[in-house]
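I set out to look up a few features of this structure and to record each in turn. The entries follow the order in which I consulted them.

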Amino acid sequence: MSGFAAVDVIRTKRDGGRLSDEQIDWVVDAYTRGEVAEEQMSALAMAIFLRGMDSAEISRWTGAMINSGERLSLSVSRPTVDKHSTGGVGDKITLPLAPLVAACGAAVPQLSGRGLGHTGGTLDKLESIPGWRASLSTAEIQAQLEDVGAVVCAATSGLAPADKKLYALRDVTSTVESIPLIASSIMSKKIAEGASGLVLDVKFGSGAFMKTLDQARSLASTLTSIGVAHGVPTTALLTDMNVPLGRAVGNAVEVAESVEVLRGGGPSDVVALTVALAREMLALAGLDADPAAVLASGEAYETWCRMISAQGGDPSAPLPTPSHVHTVLAPASGVLASLDAYAVGVAAWRLGAGRARKEDPVQAAAGVLCLAKPGDPVTEGEPLLELHTDTPEAVPAALAALEGGFTVAGSAPAPGPIVRETIRGTV
């Protein structure tokens with residue numbers, strides 16, 4: 001492709017114009033190859049942030065990012081279906097969900113990422129299991145999907161390389177919050193994974209990227225439209241992330257809680273969301289199975305053990321424990337009226353569970369245990385939160401993050417449902 005200049009593409013969008021298919025194809029390809037400079041793509045990203053894109057532009061931009069790399073061809077005997085979460089606090093849902101849906105007969109190719117800031121990363125959690133490895137070849141992914149039915153691993157380097165470059169650029173140019181750029185980033189990677197159906201967990205609230213239900217609805221509508229435009233049936237659940245999911249926030253602590261769920265226990269909110277997402281995934285896969293019954297039967301736990309073992313992990317090995325535990329006590333007696341997801345997420349991050357930059361290491365044993373959730377009775381001086389870390393000098397910063405992050409009152413409103421809305425896009 002030739003005959004284009006980056007400055008003309010930038011000017012078109014800066015002035016509120018619509019980018020043509022040819023302009024989009026050229027600029028994404030040229031940026032991936034290094035022909036369009038970082039400062040030029042920075043200017044275009046800001047123009048998109050300020051001026052937006054229509055649905056056809058977003059779909060074409062997504063397609064150009066997919067075409068910048070390879071697309072996995074998953075020829076397995078089971079129907080394939082994937083899930084993506086926009087990120088939250090205590091969001092360990094992939095861990096019980098992938099083996100549950102596999103135990104129901106689907107193949108789940110869950111290519112996941114690492115945590116950044118207050119939101120945890122699935123790979124960071126799983127790497128707290130001794131021996132488990134995140135990097136698999138395409139052949140290994142295919143073989144494990146056929147044999148086990150579920151794989152959770154890092155994306156292969158050939159998937160959507162344009163997105164990898166643009167993602168890093170958006171992070172340092174204050175253009176992260178653009179819905180066209182968020183949506184195309186998510187969907188280019190997910191469509192390139194090759195699953196025949198996709199379920200999205202689009203979160204809203206203090207611990208989520210989208211703070212309001214309206215923002216989440218706008219993003220979910222854009223995501224499902226992109227999926228349909230590219231021939232992938234896509235369903236989005238809008239879910240509440242004002243309170244941490246479950247009681248564990250961190251890495252090893254979230255693995256332990258996920259295993260509780262797979263063994264038929266665990267917090268009710270984690271179980272409810274896991275089953276709700278599983279139902280939507282099975283519907284897209286065309287499978288008639290009851291995920292709640294399969295979860296209760298123990299089959300999903302057996303699949304989990306096989307999935308972990310297939311990637312070198314020991315599902316029966318003890319998980320890492322912290323060298324230091326600091327207990328936060330209830331300041332008064334009454335009912336826990338609020339527990340802010342963002343505050344707890346930042347505290348876990350500062351304790352070592354997350355990273356400020358993508359190259360930072362994380363502590364497997366770091367995190368926060370919520371000993372009470374909103375609506376639970378609490379007694380003054382009794383434990384409310386446990387802060388886990390291998391670096392006790394991090395505790396004051398974690399405590400500072402929690403200031404104002406919870407309240408105790410005489411009563412508390414009953415928590416609302418986690419899943420607030422469902423948006424379905426059919427092909």
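Which cysteine sulfur is closest to the sulfur of C305, and how far away is it? I find that it belongs to C104, at 16 Å, which is too far for a bond. I took a disulfide to be a pair of cysteine sulfur atoms within 2.5 Å, and by this rule I count zero disulfides.

The model is predicted, so I note that local features need pLDDT of at least 70 and side-chain atom pairs count only at pLDDT 80 or more, while totals for chains, interfaces and linings use all residues. Residues are numbered from 1 along each chain as its sequence is written, and side-chain values use heavy atoms, with hydrogens and water left out.

I next looked up burial (buried is under 20% relative accessible area, exposed over 50%, partly exposed in between; 1.4 Å probe, protein chains only). C305 is buried because its relative accessible area is 19%. C370 counts as buried at 2%.

S112 lies in strand β2, residues 108-112. At 13% relative accessibility, S112 also counts as buried. Leaving aside residues up to four places away in sequence, I list T122, L123, V152, C153, A154 and A155 as touching S112; contact means heavy atoms within 4.5 Å.

Last, I examined helix α4 (residues 55-66) against helix α9 (residues 179-192), whose axes are 8 Å apart and at an angle of about 45°. From α4, the residues I58, W61, T62, M65 and I66 meet α9 residues, among them P180, L181 and S184.

Conventions. Axes fitted to C-alpha atoms, helices over the stretch in contact; angles between N-to-C directions. Helix = DSSP H or I, 4+ residues; strand = E, 2+ residues; numbered from the N terminus.
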